[in-house]
Every structure is written in structure tokens, then in C-alpha cells.
Amino acid sequence: MNCPECDANLKIPDDASVGEIVSCPDCGADFEIASKNGTVCELKHAEKVGEDWGE
Amino acid sequence: MPKVRIVFDRVRLEEKMLEEKAVELGHDTKMIDAKITNVSTESKRSDFDFGDVVLERCVSYFRGLHFTACLEFLGVPVFNKFEVANNCGNKMITSLLLKKHNVPTPKTYFSFSSESAVEVLDKEGYPLVIKPIIGSWGRGVVLLKDRDTADAIIEVRELNDGPLDRIYYLQEAVKRPPRDIRAIAVGDQVIAAMYRTSSGGFKTNIALGGEPVPCEITKELEDICMKASEAVGGGILGIDIMEDEKRGLVVHEVNNTVEFKGLAKVAKRNIPREMIEYAVRSAVK
């Protein structure tokens, strides 16, 4: 599929799961896999690292 | 077989390892995205598929904490418990509990205004380590070597003016080798430990590039970890320990949603397996 931001070719590994983050190699935008049906993925912009993120 | 659910907001390697191991152990396993789950005061456990036990693994502390409150409201067994998450998520509460339970811990000062923080620094002398009371991966942790550094950090905090910026957590700079110890406690056992060496600065977080090196689980390490675990309420915990030149081991942090991809590389025991088995065992008691 193509990057929703810059239209570059976005390769999503077959074993990627919902909730994982993929980064566009061209523009660097991060996307979260929102849903996955076979090889068809729906992407949404990943959340920014929050102040309360961590362990 | 008990049903295992893993609540997440971002899938890291740890969540994938936990899911894989739960499946391998034969559990009906599902991943649940906290971001798209709605709960209300009218909700019932039967409205959801939270299985027999939940591992709460959100990377956002507040999201995970509040989701845990909802799970407990619904009567779903969850690890860690709300009280434990609350105790570990806030460094000030953790420090108070460690001291109260006689767990050796660095001397730490709490101030509730910038003026009071400066007063402590002037009285106790430099260096002291300032840490945000909420937060992880070493972010915002600064070694205050002198008054100029302190003034700069305090000014930034005042400009940010977040509610938590008004709480000043100042800790002695422990004299120690350039490393610390991360141990994982699961229930009443320490299942793995490693040294985290600094990648240059004074911080040793793996998230900042600290290198994991295996650490022997001695009786002394096991004892201090178990005391720290009991102090915060027990469960699945990442305990951070420093080797003070004079006092020996001191616990400075206890982590609630422990990351373990670094430690898994050097651990003898299978960390996700131990976590899943403990959660299931504890939930079906």
C-alpha cells in the first residue's frame, strides 16, 4: 500500500499485527495498523510519545 | 484452559512475545486495544471478552492505570492491580513506600514549589538528581551539578507549568559503578536480572542504549527485590537497583509495565512464559 502522507510505497510485513507501528521510509511519518484483513491494512497516524509513556 | 487477554495501546516486541507465548501454552489469547474500548458505569463483565485474566500492557501510564480501574470495576482479574500500578507509576509514592517498608533506597527530597526545591539544593549541596515523578526511559532525569543547571531546569519546569511540574523530586546521586541492575520479579520470585551499563552519560536505561549484561541473582538481590515487591503490592515488576559504595544494594525504582526485550536476550528463564503462567495461576486461584 501507499503512504497516506507522501504516497511512497509502504511495505508492511506479512506478520505485522494490529497496534504495530510502521514508518514510511520516504517521509518518516509513523502509522499505526488500525485493522488488518489478510494483506489489506487500515492505517491511522500513530500517537506521539507522551509524557507518561514508558514502563 | 484459562483465557488470556493482553490490553495494549501500542504493540511492542514485549506484547508480541507475550501473545506468542500464551498461544504456545494453549490459552485462548486475544489482544485488546484500549484505545477503541469503551466502558461505562452500566457496563458488565459479560459485555466484553476480557477472558479469565488480563495483562495490562499500555505504554501510556495513565491510560493503563485508568483502564485497570475499569477492569477491576468489572471484576476482571488484571495484572498489575490498580493499587500496584498507582504505587509504581509515581516515583514519589514508590520512594515513600520503599522507605516505609525498610527497603534500602536513595535519600530523596520532595518539594512542592520551585523556591523550596532551590532551598533543598542549597542546603544539601550539589549534585542531586531531579526526576519527573511520572515518566520513564530516563526522560527528564537530570544530574544537577551546580546552581546554574538547577536554575535552568527549574525555569523550564515553571514555563511548562504542568500540574506534575510543581512536584520536585530530588534524589541523592548515589556513588556507584557506572551501571545499575534491572531485575524482574514475578510473584514471589526474581526470574531474571541484568546489569545495565551506561552508554556514556550517567543514565543506564536500555531505552537509551544501555547494554544488557547478565547478573547473578544472589540471595541479597532476591531479598531486596522481594521486599520492594511487597512494598508496592506485588505482581509483575521491573525493579531497578544501584550498588552503593557504602550501603550495598539500594532500590531506586519499581516499574509496573516492565519492558524486557533487553533482558530476554540474556535471561536464562523465559520471561513471557513466567509472566503468563503467574497471571493465570493467580487469577484462577
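This is a predicted model: local features need pLDDT of at least 70, side-chain atom pairs count only at pLDDT 80 or more; totals for chains, interfaces and linings use all residues.
Residues are numbered from 1 along each chain as its sequence is written, and chains are lettered from A and ligands numbered from 1 in the order in which they are written.

Chain B contains nine helices and 13 strands; helices (H or I, at least four residues) and strands (E, at least two) are DSSP runs, numbered from the N terminus. The C-alpha trace of chain B spans about 60 × 45 × 30 Å along its principal axes. Its radius of gyration is 19 Å, which agrees with the value near 19 Å for a compact globule of 285 residues; this radius is taken over C-alpha atoms, and the globule rule is 2.2 Å times the number of residues to the power 0.38. Of the 285 residues in chain B, 42% are buried. A residue is buried if 20 or more other C-beta atoms, placed from the backbone, lie within 10 Å of its own, exposed if 12 or fewer, and partly exposed in between. Among contacts in chain B with a separation of 6 or more, 67% join residues 24 or more positions apart; two residues are in contact if their C-beta atoms, placed from the backbone, lie within 7 Å.

Chain B is divided into domain 1 (4–86), domain 2 (108–172) and domain 3 (175–281), with bounds that come from an automatic or database domain assignment. The C-alpha centres of domains 1 and 2 of chain B lie 34 Å apart.

An open sheet of four strands in chain B has the order β5-β8-β6-β7 and antiparallel pairing, where two strands pair if DSSP finds at least two bridges between them. Because β5 (108–111) and β7 (142–144) of chain B stand at the edges with a single partner strand each, one side of each is left without a neighbour in the sheet. From one strand to the next, the twist averages 30°. Strands β5(B) and β8(B) (residues 168–172) pair in the antiparallel sense over four bridges, and B:Y109 has B:L170 in β8(B) as its bridge partner. Helix α5 (residues 114–124) of chain B packs on this sheet, touching β5, β6 (128–131), β7 and β8 of chain B, and its direction makes about 150° with that of β5(B). Axes are lines fitted to C-alpha atoms, for helices over the stretch in contact, and angles run from 0 to 180 degrees between N-to-C directions.

Chain A has zero helices and three strands, following the pattern β-β-β along the sequence. Its C-alpha atoms fill a box of roughly 30 × 25 × 15 Å along the principal axes. Buried residues make up 20% of the 55 residues in chain A, and residues 24 or more positions apart account for 12% of its contacts with a separation of 6 or more.

Where the chains meet, 20 residues of chain B are in contact with 11 residues of chain A. Both β2 (29–33) and α2 (61–74) of chain B supply at least two residues of the side that touches chain A. One residue in contact with chain A is B:K16, which touches A:S17 and, not counting residues up to four places away in sequence, B:V11. B:K16 lies in helix α1 (residues 13–24) of chain B and counts as buried because it has 20 C-beta neighbours inside 10 Å.
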